[in-house]
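Open the model in your viewer and keep the selection tool ready. This tour goes stop by stop.

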Amino acid sequence: MVAASQPLAAQAGLSILQQGGNAIDAAIAAAATLTVVEPTSNGIGGDAFALVWVKDKLYGLNGSGHSPASLSIEELKKRGHSEIPTYGFTPVTVPGAPGAWAELSRRFGKLPLKDVLAPAIQYAEEGFPISPVLGKFWSAAAEKFKHLLKGDEFNHWFETFAPEGRAPAIGEVWSSKGHAETLRKIADTNAETFYHGEIADEIDNFSKEYGGFIRKSDLENYHPEWVDPISVDYRGYDVWEIPPNGQGIVALSALNILKGFDLKEKEAVDTYHKQMEAMKLAFADGHKFVADDAYMDVSCDDLLSEEYAELRRSLITDQAMQPEAGTPPKGGTVYLAAADKDGNMVSFIQSNYMGFGSGLVVPGTGIALQNRGHNFSLEEGHVNSLAGNKRSYHTIIPGFLTKDNKPIGPFGVMGGFMQPQGHVQVVMNTIDFHLNPQATLDSPRWQWMKDRTVWVEPNFPAHVAEALKRKGHHIEVQLETGAFGRGQIIWRDYETGTLYGGTESRTDGTISAY
């Protein structure tokens, strides 16, 4: 089974399974295809993370790139910046996704990367029809970029993604020969050319031409990192995330707080109130303490300790709070899930950060460079402050659920700072409220924004929203559901081996299985 946000990507993964590939091969195939068929949310120039269950063990891969070595707060201030720009070369960090594909393939794949990337190459070369939600976001991005991206360095984005002077329309066939050729080179060299060869030279030359920071040496110094996943016990289930620099620990912190409450009714005011308050406290800690783990002075064990959870839980009252970080004891995204007949399961997430990313496309390659560096802080001394060769606080997080050391399966909800909030809602819908995967994803979502402001979807119960307002929450109903994330789930029944999937109704998602 493969569950993804775009049908062609899910089918690409399924085709690899049918060719004798495993869940890891299928996940790579779907991820590479998503760079083609959903470029509004991810690309070859983005980052990726994965949680992989193989032979009774869960592995974590951090495929996030670091900042260019020459980038610094001092240098940006010299250039007149008081904050990190959203677009252009300044927020560009080393793309980690191609390296992550190659490393996953090397360690756990069955088929050659050349075979695994074949579906993505075919769609890039021959084209595919634009699906409805994709078309909507592509059109919105093109209109925004017309007004925001003014320098010559942005021309290549318009040549690639708006070749007729506009975004491709829903149902129209779009292709990118440059994208296909780049994927072919990655496949033929196991991504070596991306970091050490021809593609690295092209990125270097493009950056130098427009005064960018990223250099070939930055690409050469990049390697995906295998990490030990982190978890909390939530009502007898283990919920797993990638450790920092990812924000998965925010979801775990919130769940650690919430497990101290007896929450049995889903559509209850008290349930929503406590979820929101726990999420605020977890985010306050995340924004203060989470960064590249080499720079953190608070450990994951400290943040996830039972003692600290109890301390944070005690702050929750009957009224909405203004969240503040505590003092722990010292000690545009796509998501997909894949599972195979042998019990292997993959939770995979990939992103350019904000939609198309930096607005820059390396000429002739289809590589849209990410703007992940925008997430750094320019505050001197902050744990997430900008520095060279540093990974920023990262929003994209894959999730995984186990019980009694047996896999339940992968889950994820994409969408910036909505992601840990989506993880909490998915886990509670599954464990506390016993919803099946599809009902879990279809349930109305909420998103804490800042201070006491909480967004809710149009179908969120009105009487609950009104009651939450009386508790001091500033409830805002959003007509657009895109901000509430897009998720996928695959659960396995350990006794029967049967797979149960759920896919996102807020996008063009589907489940492919055989």
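Predicted model: local features only at pLDDT ≥ 70, side-chain atom pairs only at ≥ 80, totals over all residues.

**Stop 1: Ser-351.** Select Ser-351 in strand 10, which covers residues 345-351. Is Ser-351 buried or exposed? Its relative accessibility is 0%, so Ser-351 counts as buried, the cut-off being under 20%. Now show side chains. The side chain of Ser-351 makes a polar contact with that of Thr-333, at 3.0 Å. Then display the other contacts. Leaving out residues up to four places away in sequence, Ser-351 touches Ser-41, Asn-42, Gly-46, Asp-47, Gly-332, Thr-333, Gln-370, Arg-372 and Ile-396.

**Stop 2: Pro-437.** Move to helix 18, residues 437-442, where Pro-437 sits. Pro-437 has 8% relative accessibility and therefore counts as buried. Which residues does Pro-437 contact, beyond its neighbours within four places in sequence? Select Ile-489, Trp-491, Tyr-500, Gly-501 and Gly-502. Draw a C-alpha to C-alpha distance from Pro-437 to Gly-502: they are 4.6 Å apart in space, yet 65 residues apart in sequence.

**Stop 3: the second largest pocket.** Keep Trp-491 selected; Trp-491 is among the lining residues closest to the centre of the second largest pocket. Color strand 14 (406-414), helix 17 (419-431) and strand 18 (486-492): each supplies at least two lining residues. Strand 14 gives the most, with 3 residues. Finally, color the lining by class: 9 residues are nonpolar, 3 polar and 5 charged.

How values were computed
Residues numbered from 1 in each chain as written. Heavy atoms only, no water. Helix = DSSP H or I, 4+ residues; strand = E, 2+ residues; numbered from the N terminus. Buried < 20%, exposed > 50% of the residue type's maximum accessible area, 1.4 Å probe, protein only. Contact = heavy atoms within 4.5 Å. 1 Å grid on protein atoms, 1.4 Å probe; cavity = no way out; pocket = protein on both sides within 12 Å on 5 of 7 lines; lining within 4 Å. Nonpolar A, V, L, I, M, F, W, Y, C, P; charged D, E, K, R; others polar. Polar contact = N/O pair within 3.5 Å; in protein donor to acceptor, adjacent residues only side chain to side chain.
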